[in-house]
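Please open the structure in a viewer and keep the selection tool at hand.

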Amino acid sequence: MVHTSSTASPVYQNFIAGQWRNSHSGETFASTNPAHTQEVIGHYQLSDTTDLEEAVTAAVKAQRGWAALPAPARGEILLRTALLLEKSHEELATLMTREMGKILRETRGDVQTAIDVAKFVAGEGRRAEGETVPSGLPDKFCLTIRQPIGIVGIITPWNFPLAIPAWKTFPALLAGNAVILKPASDTPLLTLKLAEILQEAGLPDGVFNVITGPGGTLGDALASHKKINMISLTGSNEVGRRVAELCGRDLRRCALELGGKNAVIIMDDADLDLAANNITLGAFGTTGQRCTATSRVIIHRAAYNAFVDRLVAAAEQLRIGDGLEAQTEVGPLVNRGRVKAVDAYAQIGKQEGARLLTGGAPLIEEAYQEGAYYQPTIFGDVSPDMRIAQEEVFGPFLSLIPVNSYEEAITVANSTEYGLSTGIFTEDARLAFRAMRDIESGLVYINAGTTGSEIHLPFGGMKNSGNGHRELGPDSVNEFCELKSVFISYPPRKH
């Protein structure tokens, strides 16, 4: 994976056809520790389309042999992958905190998700089910079978640098596909580690390939390559639209998991302490850098003041710092560019007339000067049409919106282009069941925040939070399959 260099930090290579290779460009780029931005974690290959062609050639060569291996045997390799991930759990979590910034408790959870997905998908190798269907005609038998799509291109974000690659890659592999994965340039290391582990688990050469480099060049090339049969992307809506456009030119399948502007509704009968604790974690955990992060809180006016007092107090007590330090509750943003982007929204909130309740500025004191830190930020008295109530900030940033009724709360919750994750806090079972029906999002939480999912349930959003595909859950493997109907006739012989 690593070759020697005159640089002080390691140089990591692409993984193509079971080999570690330098890019044809001869150039590298660096990723840094967001808690100490002068610390370079590693240098990575600045890949170009020549490297992609090599990866495609390797994947095409390997895919048929991999698909011919029985699904239970493919599952055994994923089970061994899970056991190897378990052995490296703490090492991987520490590397992730250094490269991405989130606290160790969260990076341990990221690694555990990858382990759990590997185990779950491994078991699906013995559940690769089709259907037998009665025919409407005599002497005829009908059934369905699932077969691999072929070559899957995967593009992953920087915020969950092991969990998201795992929950896309493992189902794709179990289905019999070969994979080419391009990780985010801020956090490529964990994907390269995953390649190393898959190889050790016995995955044949060429079935899984990783190339690092610029999203614009490689993302476009992946999405438009004639030999790549499907793209699976987690990213921004802007990138999702670009990928969908490129795939659409060749009617290529693409699965998009995109952004969110997730809301939590607080009714007047809610347990306010429970709500404040959950929303503090949902808004500021992972420093708000989650597609499911709580971004809006829609509060019944009867509970507004009491809830705001609790929430602001909880936010101001959060301990901010290096994610490797045990006492830290909120780490840095992934890079200084994100600090500028979040601060720009703070200025927008002020200009729009929202009331800044806490935060609203970068952390520049001596203890934070080396890192990409931003204060947990809460704006109150936000109206639903403000930009800070409509646009995804992707940082530790929360907008509080007062409403007068359940009906108004639902209208406000559904008023954005997104529909990923929404929660409601209420002690009224009737309202809870109405909310399940009325909320326009793929994930609904009752008396819980908007973050967190379980791997055996589908994950994905409505509206512009995706294009209808779902990840995780029992159908995750089917997303990477073609469904084929088979008709068998057995008429009597004519003598």
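What follows is a sequence of stops, each with something to select and a description of what is there.

This is a predicted model, in which local features need pLDDT of at least 70 and side-chain atom pairs count only at pLDDT 80 or more, while totals for chains, interfaces and linings use all residues. Residues are numbered from 1 along each chain as its sequence is written, and side-chain values use heavy atoms, with hydrogens and water left out.

**The annotated domain**

Select residues 20-486, which UniProt lists, in an unreviewed entry, as "domain: Aldehyde dehydrogenase". UniProt positions are given in the numbering used here, feature names are shortened, and annotations may be inferred rather than shown by experiment. Over residues 20-486 the chain is 40% helix and 21% strand, helices (H or I, at least four residues) and strands (E, at least two) being DSSP runs numbered from the N terminus. The end C-alpha atoms of residues 20-486 are 42 Å apart.

**The three-stranded sheet**

Next, select S7, S8 and S23: these 3 strands form an open antiparallel sheet in the order S7-S8-S23. Two strands pair if DSSP finds at least two bridges between them. Strand S7 (132-134) and strand S23 (481-489) are the edges, each pairing on one side only. The twist averages 25° from one strand to the next; axes are lines fitted to C-alpha atoms, and angles run from 0 to 180 degrees between N-to-C directions. S7 is joined to strand S8 (residues 140-148) by 3 bridges, and Pro134 has Phe141 in S8 as its bridge partner.

Ile488 lies in strand S23 and counts as partly exposed at 37% relative accessibility; buried means under 20% relative accessible area, exposed over 50%, and partly exposed in between.

**A covered strand**

Move to strand S13 (residues 253-257), where 4 of the 5 residues are buried. Strand S12 (residues 230-234) runs parallel to S13 and is joined to it by 5 bridges. Within this pair, Ser232 stands opposite Ala255.

**The seven-stranded sheet**

Select the open sheet of 7 strands, ordered S16-S17-S18-S15-S14-S20-S21 with mixed pairing. Its edges are strand S16 (355-358) and strand S21 (443-446), each pairing on one side only. At one end, S16 pairs with strand S17 (residues 377-380) in the antiparallel sense over 3 bridges; there Leu356 has Phe379 as its bridge partner.

**Salt bridges**

Show the charged side chains last. A salt bridge is a side-chain nitrogen of Lys or Arg within 4 Å of a carboxyl oxygen of Asp or Glu, and by this rule the count is 25.

Buried or partly exposed: which describes Asp110 and Lys102? Both are buried, and their closest N and O atoms are 3.0 Å apart in a salt bridge.

Now select Glu245 and Arg242, whose salt bridge has its closest N and O atoms 3.9 Å apart. Because they are 3 residues apart in helix H8 (residues 237-249), about one helical turn separates them. Glu245 is partly exposed at 42% relative accessible area, and Arg242 is partly exposed at 33%.

Finish with Glu391 and Arg387, whose side chains meet in a salt bridge (2.9 Å, N to O).

How values were computed
Buried means under 20% relative accessible area, exposed over 50%, partly exposed in between (1.4 Å probe, protein chains only).
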